[in-house]
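User: I am new to this structure and would like to go through a few of its details with care. Could you take my questions in turn?

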2 protein chains.
Amino acid sequence: MKHDMPYKLMLSESEMPTQWYNVRADMKTKPAPLLNPATGKPVTLDELSKVFCRELAKQELDDVSPYIDIPEEILNFYHMYRPSPLVRAYFLEKALDTPAHIFYKFEGNNTSGSHKLNSAIAQTYYAKKEGLTGVTTETGAGQWGTALAMACAYFGLECDVFMVKCSYEQKPFRREVIRTFGANVTPSPSDTTAVGRDILKRFPGTSGSLGCAISEAVESAITRPGRRYVLGSVLSQVLLHQSIIGLETMAALKKYGVKADIIIGCAGGGSNLGGLISPFMGEKLRGEADYKFIAVEPASCPSLTRGKYVYDYCDTGKVCPLAKMYTLGSGFIPSSNHAGGLRYHGMSSVVSELYDEKLIEARSVEQTSVFQAARDFARVEGTLPAPESSHAIRVAIDEAIRCRETGEAKNIVFGLTGTGFFDMTAYQKFNDGVMSDYIPTDEEIARSLAETPKIG
Amino acid sequence: MKHDMPYKLMLSESEMPTQWYNVRADMKTKPAPLLNPATGKPVTLDELSKVFCRELAKQELDDVSPYIDIPEEILNFYHMYRPSPLVRAYFLEKALDTPAHIFYKFEGNNTSGSHKLNSAIAQTYYAKKEGLTGVTTETGAGQWGTALAMACAYFGLECDVFMVKCSYEQKPFRREVIRTFGANVTPSPSDTTAVGRDILKRFPGTSGSLGCAISEAVESAITRPGRRYVLGSVLSQVLLHQSIIGLETMAALKKYGVKADIIIGCAGGGSNLGGLISPFMGEKLRGEADYKFIAVEPASCPSLTRGKYVYDYCDTGKVCPLAKMYTLGSGFIPSSNHAGGLRYHGMSSVVSELYDEKLIEARSVEQTSVFQAARDFARVEGTLPAPESSHAIRVAIDEAIRCRETGEAKNIVFGLTGTGFFDMTAYQKFNDGVMSDYIPTDEEIARSLAETPKIG
């Protein structure tokens with residue numbers, strides 16, 4: 001095929017970003033502050049430092065510094081898997097017969113299989129620097145747990161992962177990748193924590209839940225010396241670390257003289273979307289350029305398109321600070337039929353504020369059409385996408401088809417967050433034609449929203 | 001970390017090779033010809049064309065042309081995943097505290113997870129060009145089946161994969177990747193072939209074998225119009241296609257001014273090793289440069305280090321041409337305890353001849369030490385290697401440790417053929433400390449060698 005630019009728009013090492021970009025600095029209306037659930041007042045640095053490392057707590061609260069230097073040790077680690085490829089999807093364009101130019105930033109080219117490693121390495125670095133001995137977290141699908149295990153192996157930190165019991169049993173391969181990197185994996189609920197023992201006593205046969213795993217991880221972290229809890233999405237610090245995705249994308253597009261028109265990302269907690277769009281949003285906020293941003297969420301867990309913008313609990317255990325965000329209510333649980341990640345009830349407060357200001361559009365898509373896009377993409381571009389990432393593929397394809405109809409040669413950029421190697425059970429359902437869609441009723445959403453706290 | 005060259009020694013698109021290199025052209029003693037088992041005489045082009053496409057049959061017999069143009073359609077497809085990265089293993093060097101410089105050519109950066117795609121795309125291209133409607137093959141571990149399914153999806157060819165029944169059942173994820181790319185997967189033995197029906201009748205409860213799957217695939221291919229059988233290793237045509245690995249490696253090393261001292265590859269059928277070393281071996285054969293080549297095989301299936309260099313059957317069904325090769329006898333079956341691939345009883349006739357002329361060294365390694373190397377490598381370099389690839393890692397680490405002892409700053413290059421995402425059952429055994437080693441006895445090997453044909 002004739003092509004006017006390379007298939008992979010790579011940056012050389014010297015062209016790689018050396019600072020993260022903090023989009024909050026350019027926002028006129030800042031994201032609403034986290035609130036202490038006990039006092040109803042904004043959390044202080046000291047309060048937050050009991051859960052997170054102090055440097056990370058600072059980043060969480062910093063909405064004024066536009067750029068933050070990436071520590072040298074993290075830049076070193078980046079060499080393992082960054083820059084990630086920005087791929088011109090010539091094969092997909094040809095298959096769709098579209099005049100659009102499609103680009104995707106592929107974050108699955110590392111063993112954790114997703115973009116989660118970008119924040120895992122940052123969070124473990126600060127933990128190490130602060131002299132901690134280890135970190136504790138929970139994992140559902142397992143990508144975050146894997147990323148954290150890799151980062152801890154690199155810095156020689158202990159790593160404890162509470163893995164939802166049904167995932168622990170049904171996804172033994174993910175579990176073994178985590179163990180191979182030296183982390184301890186505990187099925188949750190477990191008898192290693194008070195909250196776990198209590199739940200086991202009350203529900204002896206339970207297969208666990210993410211909410212319970214979070215509660216166990218937080219308890220385990222704050223009751224052990226030299227430990228902190230870490231979280232892979234939603235937080236503003238995570239969006240900051242993930243801005244490396246957008247910064248590399250922007251640098252590569254500029255290198256090859258491309259101006260993006262539409263930028264698309266899947267949205268669960270918002271870390272990938274926020275990271276991808278941050279620097280472009282900065283240009284938009286500063287009036288330097290305009291872009292259309294599209295957040296894509298599953299119809300089965302539609303926090304942006306059907307949720308409410310209110311203060312809510314971040315965890316089902318209600319122990320973490322309250323955040324103002326688009327939410328379906330902390331008691332909302334997506335149908336078990338739902339195959340991918342993107343199961344979180346709320347959305348990053350940064351993404352929520354930008355969406356509320358209509359700077360981002362949102363679309364919800366159904367999972368059968370998502371897997372159709374995933375399969376079609378795999379067959380022409382040769383990469384098997386994660387179900388989460390495939391939400392973005394679905395809308396990128398839709399937009400490219402629209403361009404075919406209008407004849408517009410738009411530049412469409414989307415985030416391909418990860419690979420689907422550990423999601424073959426879902427693919428099997430799709431291949432067998434037994435995958436179905438699920439959309440929560442208005443009543444279901446109203447019921448879980450009714451339990452949001454009366455604050456703010 | 002300070003580094004005098006990039007972590008990834010990448011080629012630009014314009015620097016990518018456009019011809020394959022055929023090492024047989026530079027060999028003074030050519031590999032012994034394939035023999036027709038019925039006549040005992042060298043197979044002719046016409047005979048071979050009944051099994052393979054004519055162009056591939058020509059490549060199989062061509063031991064004089066040093067360079068063969070890579071067709072444009074294949075060069076196009078390469079853009080999907082090539083050039084593959086040549087990585088300077090700075091992290092591993094640091095962990096080993098070695099003065100050696102370690103490089104690895106990583107072929108796992110594509111959805112099939114291994115180098116097999118290099119030959120799959122070539123074989124399907126020629127099948128398409130010859131007007132065939134599809135190809136048929138067998139797969140054990142599943143990497144070749146996945147690669148072939150990807151290539152067939154690209155060219156719009158039908159693809160039938162006979163998958164050894166126990167793998168079909170125990171590796172459902174591999175099977176689903178293959179199905180996602182649109183191929184049909186049949187557990188073998190099956191009732192779709194005469195040979196399958198016969199075996200099912202005689203052994204109703206059998207879980208299948210690679211030998212049986214090959215027999216079914218060959219029968220299925222030659223009894224259906226518009227079909228040919230394809231094979232992912234051992235053949236000289238496969239080594240030709242895999243020379244792209246070595247050509248890219250050589251181009252990247254030259255670009256960065258590095259002269260390799262030691263080149264290491266794992267060896268099952270020999271396609272990866274042969275592909276990696278081919279152009280370097282060409283320089284050695286032509287007296288232009290010297291290199292030390294090391295083939296690494298599992299102690300449980302030691303065809304080079306403990307086999308005999310004789311004519312033997314290539315398949316347990318004894319229907320394919322006879323090849324002169326280092327072999328353990330076509331009835332040799334590695335212990336089921338053996339975790340990785342590299343289970344083939346024989347070795348590429350090209351590699352065999354080079355080894356017999358002492359142009360290549362060979363070492364056998366035990367699987368527990370292989371998985372130790374795999375784990376250590378994953379933890380510092382961030383890539384989870386396939387068990388097969390980890391044989392090469394083991395010896396690369398051993399050589400780097402030797403350099404630490406002697407103080408020599410040798411340039412060590414090894415082939416990292418693939419990723420281990422679908423091998424987590426083996427990793428689990430290792431993580432649980434229940435992996436053991438197995439070395440066949442002299443009597444076992446003598447017994448299977450006794451059945452080699454009395455020819456040549």
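User: At what angle do helix α17 of chain A and helix α8 of chain B pack, and are they oblique or perpendicular to each other?
Analyst: In this predicted model, helix α17 (residues 424-431) of chain A packs against helix α8 (residues 172-180) of chain B with the axes 9 Å apart, at an angle of about 45 degrees. Angles of 65 to 115 degrees would count as roughly perpendicular, and under 35 degrees as roughly parallel. The two helices, α17(A) and α8(B), are therefore oblique.

User: Which residues of α8(B) does α17(A) meet?
Analyst: From α17(A), the residues taking part are M424(A), T425(A), Y427(A), Q428(A) and N431(A). By class, this contact of α17(A) with α8(B) has 4 nonpolar, 4 polar and 3 charged residues.

User: Is T452(A) buried or exposed?
Analyst: T452(A) lies in the segment that follows α18 (442-449) of chain A, and its side chain reaches the backbone oxygen of L449(A) at 2.9 Å. Among the residues that T452(A) touches are V310(A), Y311(A) and D312(A). Because its relative accessible area is 8%, and under 20% counts as buried, T452(A) is buried.

User: How are α2(B) and α11(B) oriented to each other?
Analyst: Helix α2 (residues 54-61) of chain B and helix α11 (residues 236-255) of chain B have axes 7 Å apart and pack at an angle of about 90 degrees. Since angles of 65 to 115 degrees count as roughly perpendicular, α2(B) and α11(B) are therefore roughly perpendicular.

Definitions and conventions: Residues numbered from 1 in each chain as written. Chains lettered and ligands numbered in written order. Predicted model: local features only at pLDDT ≥ 70, side-chain atom pairs only at ≥ 80, totals over all residues. Heavy atoms only, no water. Axes fitted to C-alpha atoms, helices over the stretch in contact; angles between N-to-C directions. Helix = DSSP H or I, 4+ residues; strand = E, 2+ residues; numbered from the N terminus. Parallel < 35°, antiparallel > 145°, perpendicular 65-115°, else oblique. Contact = heavy atoms within 4.5 Å. Nonpolar A, V, L, I, M, F, W, Y, C, P; charged D, E, K, R; others polar. Buried < 20%, exposed > 50% of the residue type's maximum accessible area, 1.4 Å probe, protein only. Polar contact = N/O pair within 3.5 Å; in protein donor to acceptor, adjacent residues only side chain to side chain. Lists of a residue's contacts leave out its neighbours within four places in sequence.
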